[in-house]
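Open the model in your viewer and keep the selection panel at hand. The tour goes stop by stop.

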Amino acid sequence: MKLGMLFSGGKDSTFACWRAMQHEEVACLISVLSRNEESYMFHTPNVRWVPLQAEAAGLPLVQGETEGREEEELADLRSVIRLAMDRHGIEGVVTGALQSLYQASRIQRICADLDLWCFNPLWHTDPHRYLQNLLSLGFRAVITGVFSSPFDASWLGRELDRDTIRELEVIACTHRITLTGEGGEYETFVLDAPFFRQRIVVQEAEAVYRTDRGVYRITRAALEEK
Amino acid sequence: MILIVDLCYREGSLSLYEFVEPVAGIVRRSGFPVQVRHRSHLSRQDLGAAERIILCGTALRDNAFVGEPASFAWMEEVRVPVLGICAGMQAMALAFGGSLIPSQEIGTTEVRCTRQDSLLEGHERFSAYELHGAGVVLPPRFLVLAESDHCIQAMRHPDLPFYGILFHPEVRNEWVVERFLALPWRIC
């Protein structure tokens, strides 16, 4: 089955893409660039680097834009998926949704409307096992946004390695955050994955942080041989 | 051992993670050993060893199980509690002479209990996650336990602890699966 991967460049959509590849053919990545940083559906930090990730993975990218207004962005997403159907003949869509009913049910509706399959291979997955799998399978991601207490500026640009995950596990217990960042507490950007032919090297980035919220914006990046 | 039956379009499919694993996780966390089998590979040995059986849901577009009624003929013979979730409820309805009607629900809906039963007892109204394209027409003598504005949400065999629920309990209503696992039942 030919599938389109709804791809934000973060760990969840990248891992879901890898998982989909173990079972079906991922024909393209689908990405929506939101002009609204508070987008309800699409994560924004560094989504402009998704084309570099697509190149690293050797996958075609179907990209669209949205103003990011609630519900209107769903129509924009639908148009991009429609485009992926026309260009790549996809029969279904894969998402990296973990628990968000808001996200999952809206994408399910779009898929039903377009007569497409919809897959959520990380749906209600065990968060501890998932993060351990990310590391053991060779995914490399950095934290590119923090949007909740107790994250401070030191988290920005930090690699999601064993030490970071251990700290996240402690914070998840002591504060009301999800271990995976599903509640939008933090965002990630993937530099390498098992299906990437090349890895991404961040050459320049700027961190901006103000009262519990911060973004690590990549300004220069390149591909390097693995 | 709790036997979990995968109804998805093929064995080891991409849907396994979404519709089978979350249910298996609830069962494991409840302290029971789990055996997952695809509907096409169920053996008499699997069924004989099961203390309870759970039939999982499928993707919205995945109705392959409807065309394979022989995969569910075992339901006439087993005498351990069975819980059919979404597609599992549809399969149970078909196995006992009911039928399916188009009825699409995606997202959360309110479920209202219409009859007292130990499975849903104490939850007269609750919000549940729905992902189905068809509802069921009840098999003869089956009882309706709960409804939404659109269709029957829970049913029960008149004599046996065979339950069907159309909503997905693995999302926000894990208590239904836990309750099913704890139902008192002796094999006669």
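What share of the contacts in chain B with a separation of 6 or more comes from residues 24 or more positions apart? The share is 72%, where two residues are in contact if their C-beta atoms, placed from the backbone, lie within 7 Å.

Two notes before you select anything. This is a predicted model, in which local features need pLDDT of at least 70 and side-chain atom pairs count only at pLDDT 80 or more, while totals for chains, interfaces and linings use all residues. Residues are numbered from 1 along each chain as its sequence is written, and chains are lettered from A and ligands numbered from 1 in the order in which they are written.

**Stop 1: chain B as a whole**

Select chain B. It holds 4 helices and 9 strands. Helices (H or I, at least four residues) and strands (E, at least two) are DSSP runs, numbered from the N terminus. From the N terminus on, the order is β-α-β-α-β-β-α-β-β-β-β-β-α. The radius of gyration of chain B is 15 Å, close to the 16 Å from the globule rule for 188 residues, so chain B is as compact as a globular protein of that length. That radius is taken over C-alpha atoms, and the globule rule is 2.2 Å times the number of residues to the power 0.38.

Draw a box along the principal axes. The C-alpha atoms of chain B fill roughly 40 × 35 × 35 Å. Of the 188 residues in chain B, 44% are buried. Buried means that 20 or more other C-beta atoms lie within 10 Å of the residue's own; exposed means 12 or fewer, and partly exposed is in between, with C-beta atoms placed from the backbone.

Now go to Arg172(B). This residue sits in the loop between strand E9 (162-165) and helix H4 (174-182) of chain B. Its phi is positive, about 70°, although Arg172(B) is not a glycine. Arg172(B) is partly exposed, with 16 other C-beta atoms within 10 Å.

**Stop 2: where the chains meet**

Show both chains. The contact takes 18 residues from chain B and 18 residues from chain A. On the chain B side, helix H1 (16-29), strand E5 (99-113) and strand E6 (125-137) each supply at least two residues. That side of chain B divides into 9 nonpolar, 6 polar and 3 charged residues. Ala, Val, Leu, Ile, Met, Phe, Trp, Tyr, Cys and Pro count as nonpolar, Asp, Glu, Lys and Arg as charged, and the others, Gly among them, as polar.

**Stop 3: the two domains of chain A**

Colour chain A by domain: domain 1 (2-119) and domain 2 (137-225). The bounds come from an automatic or database domain assignment. The domain centres, taken over C-alpha atoms, are 20 Å apart. Their contact takes 20 residues from domain 1 and 24 residues from domain 2 of chain A. Helix H1 (11-21) and helix H2 (50-57) of chain A each supply at least two residues of the domain 1 side. That side of domain 1 has 9 nonpolar, 9 polar and 2 charged residues.

**Stop 4: the parallel sheet of chain A**

Select the open sheet of 5 strands, E3-E2-E1-E4-E5 of chain A, with parallel pairing. Two strands pair if DSSP finds at least two bridges between them. Strand E3 (61-66) and strand E5 (117-119) of chain A are the edges, each pairing on one side only. Neighbouring strands are turned by 25° against each other on average, direction ignored.

Zoom in on strand E2 (residues 25-34) of chain A, which pairs with E3(A) over 6 bridges. There, Val32(A) has Gly64(A) as its bridge partner in E3(A). Axes are lines fitted to C-alpha atoms, for helices over the stretch in contact, and angles run from 0 to 180 degrees between N-to-C directions.

**Stop 5: the antiparallel sheet of chain A**

Select the 4 strands of the open sheet E7-E6-E9-E8 of chain A, with antiparallel pairing. Strand E7 (186-192) and E8 of chain A stand at the edges with a single partner strand each, so one side of each is left without a neighbour in the sheet. E6(A) and E7(A) are joined by 6 bridges. One to pick out links Ile143(A) to Thr188(A) in E7(A). H2(A) lies across E7, E8 and E9 of chain A, at about 160° to E8(A).

**Stop 6: two loops of chain A**

Find Pro150(A), in the loop between strand E6 (140-146) and helix H6 (162-174) of chain A. The peptide bond from Ser149(A) to Pro150(A) is cis, with omega near 10°.

End at Thr211(A), in the loop between strand E8 (198-210) and strand E9 (213-225) of chain A. Is Thr211(A) buried or exposed? Thr211(A) is exposed, with 6 other C-beta atoms within 10 Å. Its phi is near 30°, a positive value in a residue other than glycine.
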